[in-house]
Protein chains: 2
Amino acid sequence: MTTTRPDLPAATADEIEAMDAWWRANNYLTVGQIYLMANPLLREPLTPEHIKPRLLGHWGTSPGLSFVYTHLSRVIRHTGQQAIFLTGPGHGGPALVAAGYLEGTYSEIYPDVREDEDGIRRLFRQFSAPGGIPSHVSVTTPGSIHEGGELGYVLSHAFGAVMDNPDLLALAVVGDGEAETGPLEGSWKGISFLNPARDGAVLPVLHLNGAKIAGPTVLGRKPPEEVRSLLEGHGYEVFEVEGGDLPGMHERFAETLATAYARITGIQDAARSGGWDGTRPRWPLIVLRSPKGWTGPDVVDDVQVEGTWRAHQVPLSGVKENDDHRRMLEEWMRSYRPDELFDESGAPTQLVRSANPSGELRMSASPHANGGLVTRDLDIPDYRQFARDVPEPATERAESTRAIGEMMRELYRRNPTTFRLFSPDETNSNRVGAVFEVSDRMTAERTVDIDEKLSRDGRVMEVLSEHNCHGWLEGYTLTGRHGLFATYEAFAMVSASMTVQHCKWLQEANRLDWRAKVPSLNILLTSTAWRNDHNGFSHQGPGLIQTVLNARGDVARIYLPPDANCLLSVADHCFRSKNYVNLIVIDKQPQPQWLSIDEATAHCAAGAGIWDWAGTDDGDRDPDVVLACAGDVVTMEVVAAAQILKERLPQLRVRVVNVVDLMTLARPRSHPHGMDPVRFGELFTDHVDVVFAFHGYHGAVHQLVHGRPDADRFHVRGFSEEGTTTTPFDMVVRNQVDRYHLVIDTINNAGRQVRGSSELQRWCEQQLAKHETYIVEHLEDMPEVRDWVMTTVVDD
Amino acid sequence: MTTTRPDLPAATADEIEAMDAWWRANNYLTVGQIYLMANPLLREPLTPEHIKPRLLGHWGTSPGLSFVYTHLSRVIRHTGQQAIFLTGPGHGGPALVAAGYLEGTYSEIYPDVREDEDGIRRLFRQFSAPGGIPSHVSVTTPGSIHEGGELGYVLSHAFGAVMDNPDLLALAVVGDGEAETGPLEGSWKGISFLNPARDGAVLPVLHLNGAKIAGPTVLGRKPPEEVRSLLEGHGYEVFEVEGGDLPGMHERFAETLATAYARITGIQDAARSGGWDGTRPRWPLIVLRSPKGWTGPDVVDDVQVEGTWRAHQVPLSGVKENDDHRRMLEEWMRSYRPDELFDESGAPTQLVRSANPSGELRMSASPHANGGLVTRDLDIPDYRQFARDVPEPATERAESTRAIGEMMRELYRRNPTTFRLFSPDETNSNRVGAVFEVSDRMTAERTVDIDEKLSRDGRVMEVLSEHNCHGWLEGYTLTGRHGLFATYEAFAMVSASMTVQHCKWLQEANRLDWRAKVPSLNILLTSTAWRNDHNGFSHQGPGLIQTVLNARGDVARIYLPPDANCLLSVADHCFRSKNYVNLIVIDKQPQPQWLSIDEATAHCAAGAGIWDWAGTDDGDRDPDVVLACAGDVVTMEVVAAAQILKERLPQLRVRVVNVVDLMTLARPRSHPHGMDPVRFGELFTDHVDVVFAFHGYHGAVHQLVHGRPDADRFHVRGFSEEGTTTTPFDMVVRNQVDRYHLVIDTINNAGRQVRGSSELQRWCEQQLAKHETYIVEHLEDMPEVRDWVMTTVVDD
């Protein structure tokens, strides 16, 4: 039985004085970042020359953020609690930069920004300036795992960060603007998936200052009892602090935070000492109502600013030209009494520093927020042990995703606290249910007798929310753990914007030496467009490929393994990689298996290769045509088309090329995986027509091969937005990427002169007509719907 | 003062008998759709030959849906209430198809599916079968404006449908799986934007049957008092009905629905008679707890099915092979007593029919759900009246989006109840604030003295939720009204999946004669990648273009007007159009104006054209190079590059082509706007190098020009994911799409042999070096940051 942690003492007057000084220093530095390029400590009267020419930044939310920050620092100083601070209102950038500066972390990371007057001058100048730092809490901000620019994800990041991180407290400030977004509203439920015995805690602070850019917020205007009811309905114990009075707010917030912290330790201590009855704890949550632009200008030009949306950005806009505004700015900044906050040299005074925790307990220096520092490599089993036996191509069928399910089962076994699978309720549906042999689904809510594989000790994360799955995995990997997000291909677009933003984060992180590399974000898309024949058109969309295609090559990877063994090889690579978004696309339905594990390994290492056995290319000279494919279902159609050609037009020399790593098609200057011209020519020649069957939209291949020799010879078929509830084979026919259309394409592009081609084309057209009749007659006579026969690759 | 509507009478035993018969008939038809291909009325014993070979469909949610449906029909019969039914749990397709069939609508629309035994046979066969209908509530389902496949949007669609639709009640069933998604959780707040005097009402029914595909739901397992607290926190008055007992459930639900309906009419009558105090009403909401798979098999193979996730899809899976299962199926179907439900011919009996409302009051026949029938064309002012005076190119600067703001101001004036603007709190920021001269922002929450342009009578819809903006506009247009969704370009990706799904909806609708065309969904992307220099990298992303590019040409349009007058011409076209998703991309910052309104009209009608005045192309023969552009900022850079070339390399014949309608670049077979080869050649020739500056990712142009003559000659620069907080000009330099890089590209591709080109290249490199020094020095010396000078198009 672990010891129950003691309650925090009440804040002393000295502590409040120190916190207030730290807070004033932070506000001072925040205002300075927005306005000043010189005279940073106001050691001379403010003149227009000291003012930045372009005033950028967001004042409104900042004082509230730094207020919460310094109060949490007090808790840390007393308890040694490991904590990170997540800033939902991204526009509070300057406050968090100032926090890192006051804690000394900023100067440690960026030595040019010293702890003296010149350092403060640089701190001010660099903010929101070319060559400097962005206006948001961003990758460059020490202590951050969350870029606040696109709103909605702060809670899901926080919950991901504390999963399997029992000693971590993640305080997440939710702005009331952000609280209006769907993804944020959907993320309060994180506590329904948190186990206090083995996970850390999230303390949300809903910061209601009442306004967004140009008007009030919904929660800011709702009756407080409704807000309370809402949050209690989400399962929280709600604490409220309201006002702008000082030091009253310090006293009340310190007390409330101490109570909330005691609740957290109480819940955790009980759970960790066996005193938990298993019901979902009512975790604490703080609603902080403080004025927007708190401590800033009250009234400007006879208009109320503090407490309104007008304080959102730059409350005094005319400071360069307008003497009155400039005087108000100077008064405002001096109201923080900078002489008490910075010493002669410009360094923070002892009073200010006394509010800081020390070392890695400073939130700006937390290794949890630089997750690469605490990453343990995954213990990965030899993927060959999950290999399918494939003595020769297309003799076996298998549900390929089961292989990665088995691999993940072993990942769960070997890495019990550093690996998780995230999925919208589709683990079994996606055929990766082998993980349930080791871990249950997680719930902290009530369970009943008939539940299967569901418990509070589970680590398989199922929630019907792509936003939560993606956000939790981001938080989990950014704090140094590993995982995979598996989802229906079409619905990956629900969280596409998160994928884009995470790519941006990684790209920025790559450029910062001090950011240690973190495990990649792995996304497995299954239940793909081609095999959602049962679910219909809404479930058919390969759009995420197109989205990831435009991320930069140093962070984005797209893999289309055609079978289970290739999937294993790809997955092994992805699980070992760092700082990437790895997109893996493969279906879950039974499908032919092509390569032995050794062949698959070699094929995936190359990224693309010739499948000799499938074509009639003798290798001595260029083929007449290349049939290329990327994606499992279309690979089957290409192999079938090649077989038809082999049997019925044997004079035509056909080469079959399969592409696993889509970005090999790009030119090397566009993507590091891009094949060099020699290798590209070895596969595709420099002049032979290529009939390319692609899993996704054909434009993706068009854009990739642009600039390759005679790119127009690439005739691409892909998903052309034709779908419904139908047979699997009808899906490929509707999109003209079936074997018969591919043969006709081949003839039209490269085989018109070969004897017998007209007959073959006619035969293909007959097959298609037969198919159409079959589909139409089906309605009338409903003959047995034959499954898409795949025991032989050609099926008439 | 309008009359207060009377309360509903309690349901009589006869009414309950009729509703129960209708419900049994619906359940019977639902099961039949999933299982049977023959013997539809079980007039002979069930044999394997009667069973479909592939069992598809979702039983679990269906009986609850039809239960609610028939009860609402009773309300309609008594009150004449116009109502539509939105099915959040999309998998309930067969229940809603059956509803339309029992109401007679199905046979009216699809005459092959008659009201007799053969009709029922066809109804069964077509379901989830090739050539038939999809498994979800879909476009083919009469009475639907909502495809349930991708979860999360049912409430936002419902709220959009009732805005400015005072006589409409939209009942929206929210499944407890869907209730876990972020977009759904963010959409409860619709009532904070509803005015009971002029808008209709949404009645949400949260249908908690406790499970999704493979496990329980969060709300299904939360303590009921928490669920109530949550929904009350969203502002609703919560009514709860629970159980599976009959006829008790009928009695209790009828009573609850009558009470809820009385609340709605009470709220509306008060508001419409001046008796509303202006506080946001507590609208009613029903929580229905009924067993998943209600009335279906209880236990199968000794495993509990009813009430668990096992009832989600096909509860008896082995009916073809397994005699026991088949016997259970027959018992199950016969338990509905089909002989009482269908007469000798197979038509629904009078008892069943007596539960139907009549005519257009049948929810499956509501014209609101076939919005083209009730669409009134917008009264559109002559867009020329908002034209900017542009005597010659680039002499004026303007914030172009102000023009569409003024146009929308007039749309609000002329179409007071059929036009709305939807935006995430960015109306002023996006410079379309002219609308506030006519309409306020809408809120139903508390307002205070200092609020500006905010009232319960407002029709400008600002909510910080792209999902709500998009969803409301979808609901608004699908019920026949007009609007525009304006948002920051980067954050349009938040709702990208909704854009994809709406394109799919329109594509399907185009193929159904009975679906009248609805107003287009217009999306204005502003605050673009190039001019979010102040907000930074997270705000910089042109991804939605790439997403819409892959929608089919018959529903998707992408416009990149380069200035205000082109924007007006494009907007006029979009507001008149039907059944499209129109994507318009233009920035809000001051920018040069190029064309007079007459020139703009002609230019936009053509979609792309040569700008003679910008180049040195004499038109007599092919130019040496084409400088092409699509997008406002890059157009400026191309014009500037052309001017540099004109001045410094006058021998080079340069043609400038501007593209407004992006899809003109596609081949005609790919998109109806695609230029024919002759026209394409007139602009781009068939061999001259084209240096193309594009607003979005360069791959978009690559994929569009694939297959055009010698497509490799298109050298495209675009947004290459390089961004931060910086100067506007640095943004284009970082992405190498600035004037100097474009000149260097031109020289490298087409001007190497021209005398003076090396000098010019060196000069350009010097300019770029100067820029870089400037950026770097900036940090040190912070000289005045010059704005991106645009009074002349070339700025050294």
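Which helices of chain A each supply at least two residues of the lining of the largest cavity? They are helix 15 (466–478) and helix 16 (496–510), where helices are DSSP runs of H or I with at least four residues, numbered from the N terminus. This is a predicted model, in which local features need pLDDT of at least 70 and side-chain atom pairs count only at pLDDT 80 or more, while totals for chains, interfaces and linings use all residues. Residues are numbered from 1 along each chain as its sequence is written, and chains are lettered from A in the order in which they are written.

A cavity here is a set of points, on a 1 Å grid over the protein atoms alone, where a 1.4 Å probe fits but cannot get out, and its lining residues have an atom within 4 Å of a point. The largest cavity holds about 250 Å³ of space, a volume being the space filled by probe spheres set on the points. It is lined by 24 residues, and those closest to its centre are A:Glu147, A:Gln501, A:Lys504, A:Trp505 and B:Ser538. Helix 16 of chain A contributes the largest share of this lining, six residues.

The second largest cavity holds about 160 Å³, and among its 19 lining residues A:Val500, A:Thr547, B:Gly543, B:Tyr697 and B:Glu721 lie nearest its centre. Two or more lining residues come from each of helix 16 and helix 17 (543–549) of chain A and helix 17 (543–549) of chain B. Here too, helix 16 of chain A gives the most, with five residues.

Notes:
Heavy atoms only, no water. 1 Å grid on protein atoms, 1.4 Å probe; cavity = no way out; pocket = protein on both sides within 12 Å on 5 of 7 lines; lining within 4 Å.
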